[in-house]
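Here are a few notes to read alongside the model, for anyone meeting it for the first time.

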Amino acid sequence: MDAMFKFVGDAILETTLIVVLFGSVLALAFGALLIMDSARALRINARMGRWVSTRTWGRPLDISRNIDWKIYGHHRLVGIAVVLWTAYVLYVLTTRYRLEPVLFALQGLVGSRIVLEWVVESAYIVLLAGNVLILIGAMILIVRPAAIKALESWANRNYSGREAMKPFETVHDSPDQFVYRQPSLTGWLMVLASFYVLLTLAFVYLGRMPH
């Protein structure tokens with residue numbers, strides 16, 4: 001397990017270093033272009049600058065789709081299927097769950113055994129209680145679907161993610177305005193910052209090399 005976590009961590013680190021290296025080289029080249037030929041650099045920036053709104057992509061997720069008629073039209077079949085599934089899950093949770101194997105499998109995630117044990121036991125209790133509630137609800141759905149329907153009508157709420165994401169859809173062009181006002185200064189800042197990042201990456205890479 002430790003070897004797998006180390007492999008995944010090394011892969012993530014190597015990918016991050018490559019992305020940062022590629023971005024630093026691009027920033028260095030663009031900064032140098034701003035210094036030597038700011039007009040061309042600004043034309044390239046204007047040509048590549050595009051505003052992409054995520055509100056259009058997220059619109060299908062905000063559309064409410066009513067599937068109640070499918071559930072209540074076959075409430076006995078749906079209820080029986082849920083009862084069988086939750087009964088199986090509860091059987092596994094109550095007969096096959098052992099704390100020590102789970103702690104051994106997850107020991108690399110959290111340094112403190114006490115914290116890890118508390119997290120695992122809490123997750124187990126939540127799963128157990130959740131499946132008991134689902135089992136009770138499925139039984140009620142079989143014999144008295146109107147009770148579940150009344151509870152569902154009271155609890156149903158529609159939340160729009162587009163309203164929450166609206167502040168992120170506002171265009172903030174202050175950095176662009178600064179670049180257009182001070183192209184040479186921006187170029188020097190980008191060149192210096194890119195050199196600093198590249199030197200840091202070089203030290204990180206050299207430090208990871210076997211001696």
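Predicted model: local features only at pLDDT ≥ 70, side-chain atom pairs only at ≥ 80, totals over all residues.

1. Start with what counts as a pocket: on a 1 Å grid over the protein atoms alone, it is an open set of points where a 1.4 Å probe fits, with protein on both sides within 12 Å along at least five of seven lines, and lining residues have an atom within 4 Å of a point.

2. Residues are numbered from 1 along each chain as its sequence is written, and side-chain values use heavy atoms, with hydrogens and water left out.

3. Who lines that second largest pocket? You'll find Val78, Val82, Leu133, Ile134, Gly137, Ala138, Leu141 and Ile148 there. Seven of the lining residues are nonpolar (Ala, Val, Leu, Ile, Met, Phe, Trp, Tyr, Cys and Pro), one is polar and none is charged; charged means Asp, Glu, Lys and Arg, and polar means the others, Gly among them. The largest share, five residues, comes from α7, and α5 and α7 each give at least two. Helices here are DSSP runs (H or I, at least four residues), numbered from the N terminus.

4. Now look at those two helices together. The axes of α5 (residues 75–95) and α7 (residues 113–143) come within 8 Å and cross at roughly 155°. Axes are lines fitted to C-alpha atoms over the stretch in contact, with angles from 0 to 180 degrees between N-to-C directions. The pair is therefore roughly antiparallel (an angle over 145 degrees). The contact residues split into 17 nonpolar, five polar and one charged.

5. The other pair is α2 (residues 38–48) and α10 (residues 174–181), whose axes come within 11 Å and cross at roughly 160°. That makes α2 roughly antiparallel to α10. Leu42, Asn45 and Ala46 of α2 meet Asp176, Val179 and Tyr180 of α10. Four of these residues are nonpolar, one is polar and one is charged.

Technical notes
Parallel < 35°, antiparallel > 145°, perpendicular 65-115°, else oblique. Contact = heavy atoms within 4.5 Å.
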